[in-house]
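This report concerns a predicted model.

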Amino acid sequence: MGVESKSMKVIIFQLDREEYAIPVHQVGSIERIMHITRVPRTSSFVEGVINLRGIVTPIIDLRSRFGIETAPYSESTRIIIANIEEMDVGLIVDAANDVLDFEVEAIEPPPEVIDTMEAEYVKGVVKVEKRLFILLNLSKVLSTSEIKELEEIEG
Amino acid sequence: METNQYLDLFIDESSEHLQSINDRLLELEKSPEDTSIVGEIFRSAHTLKGMAATMGYEDLADLTHKMENVLDGVRNDKIQIDAEMLDIVFESVDHLEAMVLEISQGGTGERDIRRVVELLQAIELGDALDQRKKEQSLPADTTPFQENSVDEFTRTVLKQSKEQGLSNYHIIVSLREDCMLKAARVYMVFDVLEQMGEVILSTPPVEDLENEDFETDFQVLFVTEESREDIDAKIMKVSEVHSVHITEYKISETENKAQVPSAQIEKDDSSNENNGASSNSKQALNKTIRVNIDRLDVLMNLFEELVIDRGRLEQISNELQHSELQETVERMSRVSGDLQNIILNMRMVPIEQVFNRFPRMVRQLSRDLNKDIDLRIIGEETELDRTVIDEIGDPLVHLLRNAIDHGIESPNERKKNGKSGTGSIELKAYHSGNYVFIDITDDGGGINREKVLKKALDNQVVTSEQAEKLSEQEVYELIMASGFSTADTISDVSGRGVGLDVVKNTIESLGGTITINSQLGEGSNFSIQLPLTLSIISVMLVEVQKEKYAIPLSSIIETAIVKKEEILRAHNKEVIDFRGSVVPLVFLKDVLEVPIELEEDEYYSLVIVRKGNKMAGLVVDSFIGQQEVVLKSLGDYLSGVFAISGATILGDGQVALILDANALIK
C-alpha cells in the first residue's frame, strides 16, 4: 500500500490527438485489431465481439464512446482488454504506446468544463513535462445509465 | 490444503446424510409404526454427529446429539411420533442444513440453536419420566450399562448372537491401582478377549482407554462361545489385573422391539463405529470416485476448446484436399465425438437432487395452508446436465407453490365438488429424444378462462377484441404474462407480483419451453421441455449478407428456397404458403440491421422455424451447413441483446452469433 499510494503505473494510449491513461492493473492484455463480429441492436459504440483465445469478449470503440469522429483502423490501432467490474471488455484505441509511473500527488482534478456529462468518466489529469494525460474512470466509461441519459437528451 | 479436502468431503457427506434424514422423516410421518426407518435416521444422525465432532463443529454435533436422543426415544417406543414432534425434528434438520451451508461458505457453523435444543430436550425429558418408570420395573442387575449407551446395532448384534447360541457377557475389569501402563494392560485384555470372541461395546470407549482416560475399572460387552470361567482365567493371566467380574448380559424386553431387518450389515456398521472409523470400508467397495464439480467444468471447457479446433482442422483439411490429413482428421473427429458423449454424460446429474427437497416443502406448505396434499414424484432418476439442474430448481418451486396455493382447493371445497379431500400433485420427469420433460399435474380447480381473461383485461395485457379470438391455449399462456396473479387474495405463498413470467423466462433462457393444459374443475398440467445439455448444440449456419449466424436445429422445421413470385402479401406482411399453412416471413437483414453489400437474388432462402405451434420463415442469403458448436455467453455487458441467445466460435476463429428463433416469432 505504501508504494501504491505514492505512485501508480498506467498504460498510455492515444485517441485522436489526446493521450489517455488507465491503471495498469485494470489491463489484461493489448491486442492487434482482429475480426470483430457485429452484434445487432446494441449501443452505437459497441463495435461487436471478438474471439479472445476462446472467450467471447465485447468490444467498445472508444472514439465513438467519447464522441470523437471515427477513423479507419490503421497499423497502430490496438484493442486494450480491460477488466472492469469483473467483466473483460476490449477498448479500441488509435495506439497504445507507453507505460508510465504517475506520482499520485501529480493527479489534478479534471478541468471544469461546462459540459459536466463528459467529465464523468475523467478521473483527473496529469501533467508530465510537456505532455498532458487524461486519467480515465473505466467503470464510468462502460456505465450505460449515463449513456441512456445522453440518448434521451439527444433523442 | 489437507483440511480443505476433508472439509469438502465433510460438506458433501453431511448434505447427503441430511437429505437422507429429511427423506426418511417424511417416510416416517407416513408410516410411524415402521421402526426400521427410525433406525436409518438414527444411523445418519449418528454418522453426522461423529463427523461434525471430528471436524470441531460443536453446535452441529450438539444439536445432532440432541436430535439423536429424541430419535433413540422414538426407537425404544418411549416417545410417540406425532406431527408436533416431527415439526421440531424437521426444524432441527433445517438448522443443521443452515449450519452445513454456512460451513460450506467458509463460516464456522455456529448458530443460535438454544430454542430447538430446549424443545428437543423437552420431548426427551417428557419421556425420560416414562423411561424411569420402565427401568424400575426391570430387574436391577440386568443393565449396568445405561440404556442410551447401548445403541441399536449393539442390541441387534447381541440378539443375533443369542440366537446363534453364543453367550453375551458383561465384564468388569479392574486394574491394580499401582498399574503403570494402563493402556498396555487394556490392550492385552482386549487382545485376550478378541481371541475368544468379539468385544461389542466398552465403557469408557476404546479411545479413552487408549489414552488412559479412566480410573482403574472398565467394562465391556462381550460375545463368545467360551464359558465364564475360561474368560475369567484368561483375563487374570494378564498382569496387574486386580479383579474380573463377569455377569451374563440380558437384552431387555423393550429393546427387542427395535429390530432391524438385516442384522448382518448392522454388525459391520457397529464394529466400524466402535473403531471410530466411518463407512470408509464400504466406500472402498464402490467403484466410483468423487470428483469436484469444478474439475468437470474445467474438463468441459478444455473440451470445448478442442471442439473449436476440431472445426478448424476439418475446414483446413477440406481446403487442402490432402488424403492422409483428411483421414487423420476424420478419425480425430470420431474419437472426439465419443469423448464428447462421455464428458457430457459425466456432467449429467439425476434430477433427484432438485426433486428431493420438494416433499418437505409441500408438507410445510400444505400445513400452512390447511390443505391435504399428496405429492407423487415419478422419474427422479432422470438425468440432466448440471447447468440445467442448477437453474431449474427455482422455477419448479414456483410452479409447485402455485399448484398448491392456486391449484388445489381447500378440503371442504374439494368435498363439495365431489372430490376426495386430499389433493394430489404429480411431479414427473422423463426423457424423450434430445429433451427432458418435467410435468407438474394437479387435480385442483383448473384454470378459469373467464377469470384469466378478466384479469388480463384489467391489467391491460390484452384488449377485449384480442380476448375474444384467443384459443384456450393462448388464454392459459396469459397467466405467464408479467404481473399476473389469479388468486383472489394475495398470499404469502405465491402471487407476489413476480409470477409465472419469471418461470417462463428462466425456462426459455435454458432453451426450453413450457406449455399449460387445464380442465376447469379437474386440474392443470404444466409441462416443461428442456434440452439435455446446454453447452454443445447442433446449429444450422447461415449467411445474411456477409455475416454468419447460427440457428439452433431444435427450432428449425426445414429449409426451403422459394422464388420471389411465390411471396404473398397479407396485411402488408409478406407471407408464403408453406404446406398449406400461411407462414409469415422475417427478413433477417432488416431485423438484425445488417449492412447491405450484396445484390438481392431472385430466390429467397428460407429457414422455417417454429415456436410452439407458430411458425415463421427466416429469410437468409445462403445456407452454410449444419455443425456442432459450443455455446458461449455474450457476457454480462451485452446480456439481453434482442434475438441473440449467445455466441459461438467457428472453425476460422471468428465469432458467430446464435439466433433466438423464439424472439423472432410473434
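Which residue of β19(B) is the bridge partner of B:V586? In this predicted model, the partner is B:L618. B:L618 is also the bridge partner of B:V607. Strand β19 covers residues 614–620 of chain B.

| Strand of chain B | Residues | Sense of pairing with β19(B) | Bridges | Residue bridged to B:L618 |
|---|---|---|---|---|
| β17 | 581–587 | parallel | three bridges | B:V586 |
| β18 | 603–611 | antiparallel | seven bridges | B:V607 |

Is β19(B) largely enclosed or open? Five of its seven residues are buried, so β19(B) is largely enclosed by the rest of the structure. A residue counts as buried here if 20 or more other C-beta atoms lie within 10 Å of its own.

Chain B as a whole has 666 residues, of which 32% count as buried. Its secondary structure comprises 24 helices and 22 strands. Among the contacts in chain B with a separation of 6 or more, 69% are between residues 24 or more positions apart.

For chain A, the confidence values are as follows. The mean pLDDT is 82, and 83% of the residues of chain A reach 70 or more. Over residues 146–155 of chain A, pLDDT stays under 50. For this stretch of chain A the model has four contacts beyond four places in sequence.

Note on methods: Residues are numbered from 1 along each chain as its sequence is written. Chains are lettered from A and ligands numbered from 1 in the order in which they are written. This is a predicted model: local features need pLDDT of at least 70, side-chain atom pairs count only at pLDDT 80 or more; totals for chains, interfaces and linings use all residues. pLDDT is the predictor's confidence in each residue, from 0 to 100. Two residues are in contact if their C-beta atoms, placed from the backbone, lie within 7 Å. Helices (H or I, at least four residues) and strands (E, at least two) are DSSP runs, numbered from the N terminus. A residue is buried if 20 or more other C-beta atoms lie within 10 Å of its own, exposed if 12 or fewer, and partly exposed in between; C-beta atoms are placed from the backbone. Two strands pair if DSSP finds at least two bridges between them.
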